[in-house]
Amino acid sequence: GAAGAGAGGRRRDQIASAATSMATTFMQGVFNPHAQQQQQQQQQQNGGGGGSATPPSYDSVTGNTPPTTGNGYGQREDNISSDDPDIRRATEFSRIEAELAEAKRREEEAEQLREAQRLSEAAELERMERVEKERTGELREKLTTRLQGRLSQFYSGAREIISDDLRQQTRLERGLDDVNAEVEDLKRRKDQLERAHVVMDAATADIGTFLASMEDNVEIPVDDLCRPSCVRSRQMLDLDARNHAISDVLYFLDRALVKGTIPLDVHLKTVRRLAKQQFMARAHLIKIQQTMAHESGDGKRSAAR
């Protein structure tokens, strides 16, 4: 396209140059009819008649040969043109104008072709850009969706990890409070044990001193260690001792029956007899307690009066 446009431009320049030369010659022939004859005579004098003053024709410039017909009309037209320079110039001028119009038309067609090609290239480029934008948009959408999915998974995992860490931190804080409370309790117990140890050492020293002082004393009978203050107290002491002694005998009788040491009839007779004795001892003990309580109440009322 560019080479054809360059060749057309050069050809158009040649045609324009020839048209300008022929138009100048034609105007000289119209306003000065004898100028051509004078020019021919001058050329004959200068060149010896070897040259011609006729300007170059359009066919010589463009390289085209006018068509001829078989009836001799074209030959007659050439003869008329060669005979009459004005007609020939007018004919060539009209041909030049036609060629110029044709060249202009071809140039316009070439320009239209270039414009159409440019528009086609622009449309193709626009289509490619649109396709590229659509593809880019699809890729961006897919990438966005994938990134959102991965970020959602990451955020979910991060939230779970953070929640687990917060729960562990809460448990650790509670455990720290429990440990601190336990440490304080142990410190308090340590102080108590230290004080108790001091008291225990003092009591141990007192017991050692008492035992050392008791080694030289005379042994006292067990019955003399507990002396009732009155007759009823002595009765209560005896009855209580008898009650516990009967309970011990009943226990050992049951063990003997289980082991088969005594027969059942002996066990029943002995238990019946001891149960009666224990009942009487307990009843007597309760009666003495009631009597002492009554006397004690009468004494308090008398003192109150």
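Reader: Is phenylalanine 252 buried, partly exposed or exposed?

Author: Phenylalanine 252 counts as exposed, at 56% relative accessibility. Buried means under 20% relative accessible area, exposed over 50%, and partly exposed in between, with a 1.4 Å probe and protein chains only. The model is predicted, so local features need pLDDT of at least 70 and side-chain atom pairs count only at pLDDT 80 or more, while totals for chains, interfaces and linings use all residues. Residues are numbered from 1 along each chain as its sequence is written, and side-chain values use heavy atoms, with hydrogens and water left out.

Reader: Which aromatic pair is phenylalanine 252 in?

Author: Two aromatic pairs turn up in a search of the whole structure. Phenylalanine 154 and tyrosine 155 make a tilted one, 6.0 Å centre to centre with 55 degrees between the planes. Phenylalanine 252 pairs with tyrosine 251 in an edge-to-face arrangement, at 5.3 Å centre to centre and 75 degrees between the planes. Rings of Phe, Tyr and Trp (its six-membered ring) pair if their centres lie within 6.5 Å; planes under 30 degrees apart count as stacked, over 60 as edge-to-face, the rest as tilted.

Reader: Switching topic. How many helices and strands are there?

Author: Seven helices and zero strands, so the pattern along the sequence reads α-α-α-α-α-α-α. Helices (H or I, at least four residues) and strands (E, at least two) are DSSP runs, numbered from the N terminus.

Reader: What share of the residues is buried?

Author: Buried residues make up 12% of the 305 in the protein. In α5 they are Arg89, Thr91, Glu92, Ile96, Ala103 and Asp185.

Reader: What span should α5 have, and how far apart are its ends?

Author: Helix α5 covers residues 85-214, which is 130 residues, and at 1.5 Å a residue should span 194 Å. Its end C-alpha atoms are 182 Å apart, which agrees. The expected span is 1.5 Å times one less than the number of residues.

Reader: How many salt bridges does the whole structure have?

Author: Ten, by a search of the whole structure. A salt bridge here is a side-chain nitrogen of Lys or Arg within 4 Å of a carboxyl oxygen of Asp or Glu. One of them joins glutamate 102 and arginine 105, at 2.0 Å from N to O. Another joins arginine 118 and glutamate 115, at 2.1 Å.

Reader: How far apart in helix α5 are glutamate 102 and arginine 105?

Author: Glutamate 102 and arginine 105 are three residues apart in helix α5, and therefore separated by about one helical turn. Arginine 118 and glutamate 115 are also three residues apart in α5, about one turn. An α-helix has 3.6 residues a turn, so residues three or four places apart point the same way.

Reader: Now the core. Which residues form the largest nonpolar core?

Author: Five residues: Met236, Leu239, Ala281, Leu285 and Ile288. Helices α6 (231-259) and α7 (264-304) each supply at least two of its residues, and α7 gives the most, with three. A nonpolar core is a set of buried Ala, Val, Leu, Ile, Met, Phe, Trp, Tyr and Cys residues joined through side-chain atoms within 4.5 Å.

Reader: What does isoleucine 288 touch?

Author: Leaving aside neighbours within four places in sequence, isoleucine 288 is in contact (heavy atoms within 4.5 Å) with Arg232, Gln235, Met236 and Leu239.

Reader: And glutamine 278, buried or exposed?

Author: Glutamine 278, in helix α7, is buried with a relative accessible area of 7%. Its side chain makes a polar contact of 2.7 Å with that of serine 247. A polar contact is a pair of N or O atoms within 3.5 Å; within protein, one must be able to donate a hydrogen and the other to accept it, and residues adjacent in sequence count only if both atoms are side-chain atoms.
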